[in-house]
Amino acid sequence: MKDSADPGPLKLVIMSDLHLVPEGEVSNTLDTAARLAAAVNSVNTDHADADLCILAGDLADLGEAEAYARLAGIIAPLGMDTHLMLGNHDDRRVFLQVFGNDHADENGHVQKVIDLKGHRIILLDSTEPGLVGGLLCAARLDWLRARLAEAVDRPVIVILHHHAMPLSMPVDEIILEGGPALLEVLKTHPDVRQVIAGHVHITTTGVWKGIPFTTLAGGHYNVSLNLPSHARAQERLEGPGQYAVVLADVDACVVHFENFLDRHPVIAAENFGRERAPRR
Ligand SMILES: [Fe+2]
């Protein structure tokens, strides 16, 4: 029988790749604001008991202030603490103007630790202006090493926007720079339960030299699986719209994937030709 004083497992909702645009615009044919609203509704309906919601970067498609202001309004109905992270499509300066400088640490990075239900959750800022693949500079690796050293007595879950583990897919062209250095730092901790990222717009999970890595598909378009053996080119699909649900206790850490929209039509390539480069 469950002890009534037992707080139950840690439960995290992780969304990623919202790619919000200003009112009246769409991103690659997708109404990303409506998709985020659907995700918020799904969380409130089926995961209202989650401890936290984490938005793991690419909040705005092109880093516009209007998109960030819109974000604040759409996530306001979430009935839980919500933590914002940055991706390569975001603009750190504009983000901090809209949400406040207290989102940045002493080095200006949007990252933090959360200690909850026997776990340390580390939200890592892997965004580097002008670099689609992102980067963890020496200051961020040092920060991570110190935060891990403070928590050797408990399990750790790390969340960052970029994928660090190679996936053998075209998205490896935009993989985190210096992934092996990140791996080396992670291995200084005895119990890293998961390293969870967005960025790649596809669901994957694996283990790299003993550290488990997972990506979620996120709220924007999905890419089709495209391994070197695939005869056809990679496609970009309308869905699913997906967020991750993490359940973690002393023994285990399970990552579920909630497809709040389940659409699979291919988006024609012509809808990607007018993209601007991400802002620096
Ligand atoms: Fe993205």
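This is a predicted model: local features need pLDDT of at least 70, side-chain atom pairs count only at pLDDT 80 or more; totals for chains, interfaces and linings use all residues.

Colleague: Thanks! Which arrangement do the four donor atoms around the iron ion have?
Modeller: The protein donors are Asp17 (OD), His19 (NE2), Asp58 (OD) and His201 (NE2), and they lie 2.0 to 2.3 Å from the iron ion. Their donor atoms subtend angles of 90 to 172°. A tetrahedral site needs all angles between 85 and 135 degrees. With angles of 90 to 172°, the arrangement is therefore irregular.

Colleague: How many residues apart in sequence are histidine 19 and histidine 201?
Modeller: Along the chain, the iron donors follow the spacing D-x1-H-x38-D-x142-H. Histidine 19 sits in the loop between strand 1 and helix 1, while histidine 201 sits in the loop between strand 7 (192-197) and strand 8 (204-208). The pair therefore ties together parts whose separation in sequence is 182 residues.

Colleague: Is histidine 201 buried or exposed?
Modeller: Buried means under 20% relative accessible area. Histidine 19 has 2% and counts as buried. Histidine 201 has a relative accessible area of 5%, so this residue is buried.

Colleague: Let's turn to charged pairs. Which residue meets lysine 11 in a salt bridge?
Modeller: Side chains of opposite charge can pair when their charged atoms come close. The structure holds 13 salt bridges. In one of them, N and O are 2.8 Å apart, and the partner of lysine 11 is aspartate 49.

Colleague: What is the relative accessible area of aspartate 125?
Modeller: Aspartate 125 forms a salt bridge with arginine 92, the closest N and O atoms being 3.0 Å apart. Arginine 92 belongs to helix 3 (residues 92-99) and aspartate 125 to the loop between strand 5 (119-124) and helix 4 (138-149), so the pair ties together parts 33 residues apart in sequence. Arginine 92 counts as buried at 18%. Aspartate 125 is buried too, with a relative accessible area of 1%.

Colleague: Where does arginine 140 lie?
Modeller: Arginine 140 and glutamate 128 meet in a salt bridge of 2.5 Å, N to O. Arginine 140 counts as buried at 2%, whereas glutamate 128 is partly exposed at 25%. Glutamate 128 lies in the loop between strand 5 and helix 4, and arginine 140 lies in helix 4.

Colleague: Finally, which residues does leucine 144 touch, leaving out those up to four places away in sequence?
Modeller: In soluble globular proteins, nonpolar side chains tend to be buried together. The largest nonpolar core here has 34 residues, and Leu144 is one of those that touch the most other members. Elements giving two or more residues to this core include strand 5, helix 4 and helix 5 (179-186). Beyond those sequence neighbours, leucine 144 touches Ile122, Leu124, Leu182, Val185 and Leu186.

Notes. Residues are numbered from 1 along each chain as its sequence is written. Side-chain values use heavy atoms; hydrogens and water are left out. A salt bridge is a side-chain nitrogen of Lys or Arg within 4 Å of a carboxyl oxygen of Asp or Glu. Helices (H or I, at least four residues) and strands (E, at least two) are DSSP runs, numbered from the N terminus. Buried means under 20% relative accessible area, exposed over 50%, partly exposed in between (1.4 Å probe, protein chains only). Donors are N, O and S atoms within 2.8 Å of the metal (3.2 Å for Na, K and Ca); water is not among the atoms, so sites may look incomplete. Four donors count as tetrahedral if all angles lie between 85 and 135 degrees; four count as square planar and six as octahedral if opposite donors are over 155 degrees apart and all others between 65 and 115; anything else is irregular. A nonpolar core is a set of buried Ala, Val, Leu, Ile, Met, Phe, Trp, Tyr and Cys residues joined through side-chain atoms within 4.5 Å. Contact means heavy atoms within 4.5 Å.
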